[in-house]
Amino acid sequence: MLLNEFMNENFPNLELRPPLFYSWKTGIRFELGVDYDSDYAYENSPYLQGVYKRAITLFKTLHSHNDDIYIVVDVNDYADGFKHKSNTFSRYIKEKSILYRLNQKTTFHDDEEETYKTHRFTLKCKTSDFKYIPMLKAICNQDMGIRPSIFNRVYFININRKTIFHVYDDRGCDLLATSPETIRDVYDKYKDWILDYDRNEIDEVFK
């Protein structure tokens with residue numbers, strides 16, 4: 001099944017772009033970074049260790065070793081004639097032969113200030129095919145001035161469990177599902193990590 005078919009069947013009319021949580025009826029917004037202070041923005045700081053721990057724990061809870069997943073990476077391209085090849089995959093995929101399955105699609109966008117392109121790279125693989133721990137850390141590093149960093153948007157779409165997981169930066173992540181029952185275990189286990197701002201709305205979904 002192709003990504004578009006999967007999305008149309010399970011998440012109809014959902015556009016993969018942040019903020020995902022506010023675009024779908026069944027979801028959880030988790031807080032990853034707690035008590036941020038600019039003094040904590042250094043490599044292996046207690047703040048970042050906490051961010052990593054939450055992101056990795058949630059990912060492991062959601063994705064079994066043999067789950068089929070789509071990794072979707074959106075690269076915004078503001079330059080004329082700029083040819084982009086996403087290195088996001090080659091660094092984190094264990095077997096390079098899997099990269100032959102990588103698909104790319106380019107879309108054009110107009111916002112108030114400029115026209116730009118988005119290159120969407122999609123790879124279907126197993127959870128076990130890629131090094132998700134360093135990849136998640138790199139996503140969390142994007143605003144910290146710490147390398148390695150991934151500045152592109154990355155979505156993990158679990159085909160078996162029918163969930164979408166998106167870490168937007170060190171502050172937090174969104175988890176979407178086709179029904180509350182699909183992710184009730186995650187809600188029950190990690191409800192203390194829910195972003196307080198959205199807690200009442202999320203609690204209503206899982207009543």
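Start by selecting Asp77. At 2% relative accessibility, this residue counts as buried. The cut-off for that label is under 20% relative accessible area. The model you have open is a predicted one.

**Stop 1: Asp77 and His119**

Stay on Asp77 and show strand 2, residues 68-77, where it is found. Which contact joins the side chains of Asp77 and His119? It is a polar contact of 2.9 Å.

**Stop 2: the whole chain**

Zoom out and colour by secondary structure. Six helices and seven strands make up the count. Trace the chain along its sequence and the pattern reads α-β-α-β-α-β-β-α-β-β-β-α-α.

Draw a box along the principal axes. The C-alpha atoms fill roughly 50 × 45 × 40 Å. The radius of gyration is 17 Å, which agrees with the value near 17 Å for a compact globule of 207 residues.

Take the contacts with a separation of 6 or more: residues 24 or more positions apart account for 69% of them.

Of the 207 residues, 47% count as buried.

Colour by charge next. There are 29 positive and 33 negative charges. How many Å apart are the mean positions of the positive and negative charges? They are 8 Å apart.

**Stop 3: His63**

Select His63. Its place is the loop between helix 2 (46-62) and strand 2. Is His63 buried or exposed? His63 counts as buried, because its relative accessibility is 5% and the limit for buried is under 20%.

Show the backbone of Phe59 as well. Its oxygen lies 2.9 Å from a polar atom of the His63 side chain. The contacts are Ile69, Thr127, Phe156, Asn158 and Phe165.

**Stop 4: helix 4**

Select helix 4, residues 132-140. Pick out its buried residues: Tyr132, Met135, Leu136, Ala138, Ile139 and Cys140. An α-helix has 3.6 residues a turn, so residues three or four places apart point the same way.

What do the buried residues of helix 4 pack against? Show helix 2, strand 2, helix 3 (87-92), strand 5 and strand 6 as their packing partners. Keep Cys140 displayed for the next stop.

**Stop 5: Asp170**

Go to Asp170, in the loop between strand 6 (163-169) and strand 7 (172-177). Asp170 is buried, with a relative accessible area of 5%. Leave out residues up to four places away in sequence, and Asp170 touches Leu32, Gly33, Tyr47, Val51, Cys140, Asp143 and Met144.

Look closely at Tyr47. Its side chain makes a polar contact of 2.5 Å with the side chain of Asp170.

**Stop 6: backbone checks**

Most residues other than glycine have a negative phi, and most peptide bonds are trans.

- Pro19 sits in the loop between helix 1 (3-10) and strand 1 (27-31).
- Arg147 to Pro148: another cis peptide bond, with omega about -5 degrees. Find Pro148 in the loop between helix 4 and strand 5 (153-158).
- Asn13: phi is positive, about 70 degrees, although the residue is not a glycine. Asn13 is found in the loop between helix 1 and strand 1. At 82% relative accessibility, Asn13 counts as exposed.
- Lys162: phi is near 60 degrees, again positive in a residue other than glycine. Lys162 lies in the loop between strand 5 and strand 6. With a relative accessible area of 30%, Lys162 is partly exposed.

How values were computed
Residues are numbered from 1 along each chain as its sequence is written. This is a predicted model: local features need pLDDT of at least 70, side-chain atom pairs count only at pLDDT 80 or more; totals for chains, interfaces and linings use all residues. Side-chain values use heavy atoms; hydrogens and water are left out. Helices (H or I, at least four residues) and strands (E, at least two) are DSSP runs, numbered from the N terminus. Buried means under 20% relative accessible area, exposed over 50%, partly exposed in between (1.4 Å probe, protein chains only). Contact means heavy atoms within 4.5 Å. A polar contact is a pair of N or O atoms within 3.5 Å; within protein, one must be able to donate a hydrogen and the other to accept it, and residues adjacent in sequence count only if both atoms are side-chain atoms. The radius of gyration is taken over C-alpha atoms; the globule rule is 2.2 Å times the number of residues to the power 0.38. Lys and Arg count as positive and Asp and Glu as negative; His and the chain ends are not counted. The place of a charge is taken as NZ of Lys, CZ of Arg, CG of Asp or CD of Glu.
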